[in-house]
Each structure stands twice: as structure tokens, then as C-alpha cells.
Amino acid sequence: AFASTMIAWHHFALYGPLSDLAMPAIGEMVRLFANYGRATQIFFVVGGYVMARSMTGRAWGITQVGRYIIHRYCRLGLPYLAAVALGIAACAFGRGWLPSEVVDPPPTWNVILAHVFFLQKLLGYDSFSAGLWFVCVNFQLSLVFVGMLFVRDKLARFFPATAVLMVMGWLMALPSLFYFNVGDEWSNWFIYFFPHFFLGVLVYYGLKSNGGQIVFGLYVLVIAMALVYTHTYTHVFRWRLQNTLIVGLILFFGGKFGLMNTWPKSPVIGYLGKTAYSLFLVHFPIFVVVATVWVMLGWTNPWAAVAGLVFAYIASLAASFVFYRLVEVPAGRLSRKFN
């Protein structure tokens, strides 16, 4: 719930024209969201925990891997494709009214096909909607993790299964923490985000056994070392990695103290969490439509722009509830047939 809201406001602040128009009224808040409202790492940590919890107890052969890929595409990809369609329609509506960096040019079939196969950034295309690339990265991580489980089971007759999985995870996480995740050069690939995801996996094992708890603690120390190393030698503080560490610790101690089974008490927070993916997908097309209407009507003074930003968030919440019911729930129902 928190992460999807932060990401929505980050994009509202990052893209004009409403945020630019609102600067005289709430400039500091706009800059805060634009610079520090990135919360996708929360999704990757939680995703690693959930995948480990739901997938590690099963056997994985070729058939199971194939069915899982279809399952994952239905679960992530069908709502994502619906968001792509919304993004194309919103950009068409806003074209000529909003800046070119907000509304993409009319799509070609090459760009559409690249989106269908989660390849747009790898092929040098922009996404039709802000944040869509992180769905593609999530799909990459899903493929990598199910591949790790497949290798684990193939080697299980020779080595302890959990040990094989841990070795593969550490072999990818360590170079990422100290090299691939340091700059933005590798940010289009799963390896850049793997340390966030692997922390979630280790939270699961840390809650499962004493040995897993030791491994989790070691990984927490390694992340702290990576933060110190980067800050010392490059004078760059990796605040997103710090946030990853905080989220991992919250998950771990939440599990230790039984809070995962009792919290949240609020049905509102619970529902916002349940519809977080839908909000993540629909907020930008809604924002484009709202911003276009505001510009068309000439509501461009600072406080009118602030009202537009607030209205865009409320409209995004409403749209996410509808999107969840009409798109995400049926996609999840279809995905379970391949699970």
C-alpha cells in the first residue's frame, strides 16, 4: 500500500506539467517526491519473500517450469498489457497538450511487440507508461528464480537442495551488490535488482530455521558493507539499497513476532495492499488524462495544479479498484489454472 502510493506520487512529481505549475505552492514536496519517492525495491523484497514461500517446497521439472512461465505471464503480463493499452490511449488523448517526454509518439508494431514480450528497454524503446519496465524486471526475476529451483532439483541427488539454492543466490547477489547495482548501467537487467529480491528469499529461510537465520544475518552484514564500501570509495550513498535493508528487516522481525499473521488490522490498508499492483499500473494513464483536462481548461495557477495532482491520485485509487476487479482478479484466476 505504501510503496504503490509513493511510486504514484514520484511519477506525478517527476512528469509535468502539473508538478511544474505547482512548484510555487509546494515546491519542496514536489522535489522530495521526485528525488526520493522511488519505492520499487519494496516490491522486489516482498516478491522474493512471497516467491520463496510459495515455490521452494515444490519439485521443479521441465513441465512444471513451462507451466509456471505461463502462470506468471498470466498473473503479471495480462494486467500489464491492459495497462499498456491504457497508456497508449492516454498518450493519444494528451498528445499536443502535454510535453513530449510525458506522452510518447504514436506506437509502431515493433514497439508494441517489444512490450508484449517484456523487451522494450532491452531493445531501446521507451515504455508506454511510467513504471512498466519494473514489471518486465519482475518477470526476469521470476524466470531466474524458477531456473534456480530447476537446477536445485537436478542437483538434489548430489548436494543438499537448500545449499545449492543458496550458493546460486550468493554467486549472483555478491557481484551485484559490489558492481552491477552500483551505477545505472545494468538497471535494465535482473542482475541489478537481484540483491533486493534475494533479501526477500533469505527472509523466508531466516524465518524457517536457525541456519537460515544465520545466513540472513550474514547477508544483512554484507549489504551494510556494500553501503559503506560505495560511500567510502565513490562518495555515493545508495539510499535505495538502504531502504531495501530496512524493508527486509521489517519483514523478518514482523515474521519473528507474529505480526505477519495479525497485521494490518485496518481493512482500508489491507485493500490498498491487495490493489497495489493495479494502482502501480493505472496511475500514470490516469495522471496523463487529468493533466490534459487541466491544461485544456486552463487551470494552470499553482493551487489549481495542486488540486489536479490530488485529484489524479484519488482518481487513480478509484481506477485501481475497478482495474483490480475487472482485470487483475480474472488474470489471477486464469493464472491459477497453470499453477
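What share of the contacts between residues at least 6 apart in sequence join residues at least 24 apart? I looked this up for the protein chain, and the share is 74%. I count a contact when heavy atoms lie within 4.5 Å.

**Ground rules.** The model is predicted, so I note that local features need pLDDT of at least 70, that side-chain atom pairs count only at pLDDT 80 or more, and that totals for chains, interfaces and linings use all residues. I number residues from 1 along each chain as its sequence is written, and side-chain values use heavy atoms, with hydrogens and water left out.

**The whole chain.** I looked up the secondary structure next. The protein chain has 13 helices and 0 strands. I take both from DSSP runs, numbered from the N terminus: helices are H or I with at least four residues, and strands are E with at least two.

I then checked the overall dimensions. The C-alpha atoms fill a box of roughly 70 × 45 × 40 Å along the principal axes.

The accessible surface comes to about 16,300 Å². Carbon and sulfur atoms hold 69% of that surface. The areas come from the Shrake-Rupley method with a 1.4 Å probe, and for residues only the protein chains shown count as cover. Buried residues make up 47% of the 339. I call a residue buried under 20% relative accessible area, exposed over 50%, and partly exposed in between (1.4 Å probe, protein chains only).

**The second largest pocket.** I looked up its volume, which is about 940 Å³. Of its 40 lining residues, His10, Arg38, Phe134, Ser187 and Arg240 are the closest to the centre. A pocket here is an open set of points on a 1 Å grid over the protein atoms alone, with protein on both sides within 12 Å along at least five of seven lines; a cavity is a set where a 1.4 Å probe fits but cannot get out; lining residues have an atom within 4 Å of a point. Points are joined across faces, edges and corners, and a volume is the space filled by probe spheres set on them.

Which helix gives the most to this lining? It is H1, with 4 residues. The helices that each supply at least two residues are H1 (2–14), H3 (40–55), H6 (132–154), H8 (190–208) and H10 (239–256). By class, I find 18 nonpolar, 14 polar and 8 charged residues. Nonpolar covers Ala, Val, Leu, Ile, Met, Phe, Trp, Tyr, Cys and Pro; charged covers Asp, Glu, Lys and Arg; the others, Gly among them, are polar.

**The cavity.** The structure holds 1 cavity of 30 Å³ or more. I find Ile88, Cys91, Arg95, Asp104, Pro105, Pro107 and Phe128 lining the largest cavity. That lining divides into 5 nonpolar, no polar and 2 charged residues.

**Single residues.** Is threonine 292 buried or exposed? Threonine 292 is buried, with a relative accessible area of 0%. It lies in helix H12 (residues 276–296). Beyond four places in sequence, threonine 292 touches Phe93, Gly94, Trp97 and Leu98.

Leucine 249 sits in helix H10. At 29% relative accessibility, leucine 249 is partly exposed. Its contacts beyond four places in sequence are Phe216, Val220 and Gly254.

Glycine 270 lies in helix H11 (residues 267–274). I checked its distance to alanine 1: they are 269 residues apart in sequence and 7.8 Å apart in space, C-alpha to C-alpha.

Most residues other than glycine have a negative phi, and most peptide bonds are trans. I looked for exceptions. Glycine 16 and proline 17 are joined by a cis peptide bond, with omega about 0°. Proline 17 is in the loop between H1 and helix H2 (18–36). Tryptophan 263 to proline 264 is also cis, with omega near 5°. Proline 264 lies in the loop between H10 and H11.

Phenylalanine 118 has a positive phi of about 60°. It is buried, at 4% relative accessibility. Histidine 235 has a positive phi near 60°. Histidine 235 is exposed, with a relative accessible area of 65%.
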